[in-house]
Amino acid sequence: MTPEDKEMTMTREKKSKVKSAAKENEKVITGVFEGGGVRGIGLIGAAVVFLEEGYRFNRVAGNSAGSIVASLIAGGYSATELRQIMMSLDYSRFADKDWKDKLPFGMVYSLFAEKGIYEGKYLREFIKEKLEKAPHPIRTFRDVKEKDGSYRLQMIAADISRAKLLVLPQDIADYGIDPDDLEVADAVRMSVSIPYFFEPVQLRHVDGTECFIVDGGIVCNFPVWIYDGDIEAGNPPVGFCLVDDGETRPIHGVVSMFAAILETMLEARDKRYIADEQLTTVQIPTLGIQTCDFHLSRERQEALYLAGRKVAVKYIDVMATGAGSRSAASRKLRLRSPESRRLHGILHRPAKKQSIRKMAIAKTGIYDSLIQKVTAEIWPGVDWHLIKCQVNQESSFNPRAVSSCGALGLLQLLPATAQELGFTKDELYSPEKNLRAGITYLYRQYYRFPEIPDPVERVKFALASYNGGRGYINAALSLARRSSGPWREWNYAKAFLVHPGCRVDGKRPDHGQIIGYVDRIWTRYMTLPVREKILIETKNTKRPSR
């Protein structure tokens with residue numbers, strides 16, 4: 001046992017004697033930590049103050065450096081232990097290279113052959129060792145799983161091969177790995193993979209695609225939305241973010257310019273959102289220190305740590321006294337641009353009542369038994385009446401229907417989509433096979449929105465994806481997540497389909513069609529004189545197949 005480990009063990013023994021007394025005064029919070037490379041030292045300084053003041057982090061999340069801090073906190077390290085880890089760490093060892101990188105032109109070889117300069121092996125082993133020795137040892141996400149199936153530790157990464165934000169451990173299922181079995185050290189390694197600095201993590205998707213996983217900051221560096229559900233439970237997340245106070249980055253050549261571009265990409269996306277939420281975030285000045293400054297001096301490390309402490313003390317004082325506080329409603333009204341005001345108007349505009357056509361549902365019910373049979377076989381648990389409403393919307397129960405874009409049959413599938421599902425173009429004219437293809441496709445859309453916990457809301461997003469394409473719905477969700485509203489609800493998130501930033505390959509969605517499609521189906525379903533009491537049973541839900 002090293003001297004450092006002995007000191008930590010003695011500290012824990014002393015603290016255990018007063019544990020029961022401290023428990024009575026314990027204050028529980030949820031913490032979300034922004035990414036920032038070596039500047040994560042400031043995050044530790046702020047977190048230490050909260051621990052010293054008697055706060056306990058019951059749930060934590062983060063990106064990049066924030067995922068490291070979140071993992072250590074989830075492991076139960078005390079304030080003193082976190083500071084010891086921070087002060088004893090040689091950050092230059094994070095910039096690890098193998099023997100090939102040390103050869104002449106080794107950096108060029110790493111960039112082109114391995115797609116990153118540094119290996120990231122030391123960082124992974126460091127996290128693995130610290131979590132195994134933690135007061136509450138952690139190896140896999142099974143060790144941080146709650147009784148309700150959620151995880152008290154989460155982090156984000158980005159799959160650049162599939163242009164998707166990953167919430168770990170949940171989304172690792174897309175790569176054939178059980179989320180419970182994912183090692184936390186591996187997830188941290190994915191989350192800290194700053195593009196070109198660290199080699200990306202390579203995984204194979206269940207569809208056979210070779211995927212490259214990098215730092216989630218290229219999509220969202222400050223995932224304050226990840227525990228939005230805690231707001232309703234009376235425990236709003238406290239965000240710990242890094243701010244540069246307007247300091248500029250000197251650019252002297254190609255390398256420094258590249259570093260500045262990378263940091264802007266990781267940070268600027270979230271700054272505007274943070275600006276309107278000053279009293280819900282602990283904003284830590286970065287003192288001009290750059291993300292990848294691994295050779296930071298001991299004095300600069302200490303200054304960054306103390307900067308984190310200072311703002312955390314101020315934040316806790318404000319929470320205790322209420323000084324400078326303002327209502328949530330007034331914060332939401334401080335929208336700073338015409339586009340923000342337009343979106344605000346869309347979100348708060350009274351919904352128009354949908355008119356119900358007299359011929360909304362065919363009276364003959366000629367396909368009722370077939371729809372009920374196929375639905376039960378492919379998607380057991382969902383109310384078949386919903387599928388009937390969708391068929392009515394798609395084709396008015398005409399099995400020979402052909403749309404202007406070439407979609408065919410009862411559920412209006414494109415031949416290319418049908419082929420992916422294993423059906424031929426001619427088979428789409430068969431009512432049964434068209435239903436099988438369409439219900440399978442809808443079920444797959446449902447399965448691809450694990451971030452929407454409410455099954456009813458997830459069905460709405462699945463319908464929207466069926467009609468408009470999953471890319472546009474994911475783009476709208478990404479924008480909605482960064483707002484302060486209930487982004488997991490369709491009636492809220494649909495407004496972001498109108499947002500200028502909602503684009504796929506430079507193209508905007510036909511938002512009116514998508515929104516109208518979902519709302520009309522839902523209105524018809526809710527006004528049916530006869531339907532199942534529960535729209536969907538989730539206990540038997542499994543990955544869809546043909």
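## Overview

Of the 546 residues that make up the protein, 51% count as buried, and the model described here is a predicted one. The protein contains 21 helices and ten strands. Among the contacts in the protein with a separation of 6 or more, 69% come from residues 24 or more positions apart.

## Helix H17 and what covers it

Helix H17 takes in residues 431-447, and at 1.5 Å a residue its 17 residues should span 24 Å, which agrees with the 24 Å that separates its end C-alpha atoms.

The buried residues of H17 are Asn434, Leu435, Ala437, Gly438, Ile439, Thr440, Tyr441, Leu442, Tyr443, Gln445 and Tyr446. The cover over these buried residues includes helix H14 (368-378), helix H15 (384-395) and helix H16 (415-420), together with helix H18 (455-468) and helix H19 (470-481).

## The packing of H7 with H8

Two packed helices can be described by the angle between their axes and by the distance between those axes. For helix H7 (residues 121-132) and helix H8 (residues 184-191), the angle is about 145° and the axes are 9 Å apart, and H7 passes H8 in a right-handed crossing.

On the H7 side, the residues that take part are Leu123, Arg124, Ile127, Lys128 and Leu131, and these meet Val184, Ala185, Asp186, Val188 and Arg189 of H8. Sorted by class, this contact of H7 with H8 has six nonpolar and four charged residues, with no polar ones.

## Gln154 in strand S4

Gln154 belongs to strand S4, which covers residues 153-159. Its relative accessibility is 6%, and because buried means under 20%, Gln154 counts as buried.

The side chain of Gln154 is joined to the side chain of Gln170 by a polar contact of 2.7 Å. When neighbours within four places in sequence are left aside, Gln154 is in contact with Val60, Ala61 and Gly62, with Val167, Leu168 and Gln170, and also with Ile226 and Tyr227.

## Met87 in helix H5

Met87 is found in helix H5, which is formed by residues 79-88. With a relative accessible area of 23%, Met87 is partly exposed, since that class lies between the buried limit of 20% and the exposed limit of 50%.

Along the chain, Met87 and Gln301 are 214 residues apart, while their C-alpha atoms are separated by 8.1 Å. Apart from its neighbours within four places in sequence, Met87 is in contact with Arg298 and Glu302.

Definitions and conventions: Residues are numbered from 1 along each chain as its sequence is written. This is a predicted model: local features need pLDDT of at least 70, side-chain atom pairs count only at pLDDT 80 or more; totals for chains, interfaces and linings use all residues. Side-chain values use heavy atoms; hydrogens and water are left out. Axes are lines fitted to C-alpha atoms, for helices over the stretch in contact, and angles run from 0 to 180 degrees between N-to-C directions. Helices (H or I, at least four residues) and strands (E, at least two) are DSSP runs, numbered from the N terminus. A crossing is left-handed if the near helix is turned anticlockwise from the far one by less than a right angle, and right-handed if clockwise. Contact means heavy atoms within 4.5 Å. Ala, Val, Leu, Ile, Met, Phe, Trp, Tyr, Cys and Pro count as nonpolar, Asp, Glu, Lys and Arg as charged, and the others, Gly among them, as polar. The expected span of a helix is 1.5 Å times one less than its number of residues. Buried means under 20% relative accessible area, exposed over 50%, partly exposed in between (1.4 Å probe, protein chains only). A polar contact is a pair of N or O atoms within 3.5 Å; within protein, one must be able to donate a hydrogen and the other to accept it, and residues adjacent in sequence count only if both atoms are side-chain atoms.
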